[in-house]
Amino acid sequence: MFLTASCDCCSGSGQQSVTGVTTADDSNSYWRIRGKMDDSCQRGNPVKCGEVIRMTHINTGRNLHSHYFTSPLSGNQEVSAFGEDGNGDDLDNWTVVCSGTFWERENPVKFKHTATEVLLSVTGEQYGRPINGQREVHGMAYSNQYSSWKVMEGIFMKPMEMPRFETHSHSEL
């Protein structure tokens, strides 16, 4: 399942819907990992398990967001896309839940909403028009197989290296 921001609005909050699709070649499924609200992260540094992040949708510039609105299909907690150009609020923060020290591409990961403590999840509930066939993404209070996510594509950013200064010693005559 791939996380995408669709053009439809969430019925509860009126914010942009976040849905799940089954095709890997959907350019609307790319998200940028950023530091939590009011914090930055160094490009290329590995993301630690337990670290708080934001996910910004590449095409819209909106952040993955949740709040106490009810999702329209399952009745769970609504997940939406919120903000402009990566700017949003503290309801855009998600904790990376994984095993080990760092979030590794080949291993499944979970995302826990820091304010409401629900897990990012998807079910088989599918929307009708105008986003026919896309699955509802929502927050759930408990963990199951639908709350595990895995990176399928992406761009690896090499950690920035500190400039190296060579010291030369010489003696003057």
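Trainee: Cysteine 49, is that one buried or exposed?

Mentor: Cysteine 49 counts as buried, at 19% relative accessibility. Keep in mind that this is a predicted model.

Trainee: And what does cysteine 49 join up with?

Mentor: A disulfide joins cysteine 49 to cysteine 98, with 2.0 Å from S to S. Cysteine 98 counts as partly exposed, because its relative accessibility is 21% and buried means under 20%.

Trainee: Left-handed or right-handed, that link?

Mentor: The link of cysteine 49 and cysteine 98 is left-handed, with -115° about the S-S bond.

Trainee: How many disulfides does the count come to?

Mentor: The count comes to one disulfide.

Trainee: OK, new topic. How many salt bridges does the structure hold?

Mentor: It holds one salt bridge. The side chains of glutamate 84 and arginine 62 meet there, at 3.4 Å from N to O. This pair also links distant parts of the chain: glutamate 84 is in the loop between E6 and E7, and arginine 62 is in the loop between E4 and strand E5 (63–70), 22 residues apart.

Trainee: Let's go to strand E5. What does the side chain of asparagine 63 reach?

Mentor: Asparagine 63 lies in strand E5. Its side chain reaches the backbone oxygen of glycine 86 at 3.1 Å. The side chain of asparagine 63 also makes a polar contact with the side chain of aspartate 92, at 3.0 Å.

Trainee: Is asparagine 63 buried or exposed?

Mentor: Asparagine 63 is buried, with a relative accessible area of 0%.

Trainee: Now the nonpolar core. Which residues touch the most other members?

Mentor: In the largest nonpolar core, which has 17 residues, they are Leu64, Phe111 and Leu120. Strands E4 (52–57), E6 (77–82), E7 (94–97) and E9 (119–126) each supply at least two residues of this core.

Trainee: Switching to strand pairing. What stands opposite isoleucine 53?

Mentor: Tryptophan 94 in E7 stands opposite isoleucine 53. E4 and E7 pair in the antiparallel sense over two bridges.

Trainee: And which residue in E8 is the bridge partner of tryptophan 94?

Mentor: Histidine 113 is the partner of tryptophan 94 in E8. E7 and strand E8 (residues 110–113) pair in the antiparallel sense over four bridges.

Trainee: What about strand E2, how many of its six residues are buried?

Mentor: Six of the six residues of strand E2 (residues 16–21) are buried, so the strand is largely enclosed by the rest of the structure. Gln16, Val18 and Gly20 point one way from E2, whereas Ser17, Thr19 and Val21 point the other way.

Trainee: Why do they alternate?

Mentor: Side chains in a regular strand alternate between the two faces of the sheet.

Trainee: Which strands does E2 pair with?

Mentor: E2 pairs with E6 in the antiparallel sense over two bridges, and glutamine 16 stands opposite alanine 81 in E6. E2 also pairs with strand E10 (residues 135–140), antiparallel over two bridges. There, glycine 20 stands opposite arginine 135.

Trainee: Last one: what's the phi of aspartate 85?

Mentor: Phi of aspartate 85 is near 50°, a positive value in a residue other than glycine. Aspartate 85 is found in the loop between E6 and E7 and is exposed, with a relative accessible area of 66%. Glutamate 117 has a positive phi as well, about 65°, although it is not a glycine. Glutamate 117 is found in the loop between E8 and E9, and it is exposed at 52% relative accessible area.

Terms used:
Residues numbered from 1 in each chain as written. Predicted model: local features only at pLDDT ≥ 70, side-chain atom pairs only at ≥ 80, totals over all residues. Heavy atoms only, no water. Core = buried A, V, L, I, M, F, W, Y, C linked by side-chain atoms within 4.5 Å. Buried < 20%, exposed > 50% of the residue type's maximum accessible area, 1.4 Å probe, protein only. Pairing = 2+ DSSP bridges. Salt bridge = Lys/Arg side-chain N within 4 Å of Asp/Glu carboxyl O. Disulfide = S-S within 2.5 Å. Polar contact = N/O pair within 3.5 Å; in protein donor to acceptor, adjacent residues only side chain to side chain.
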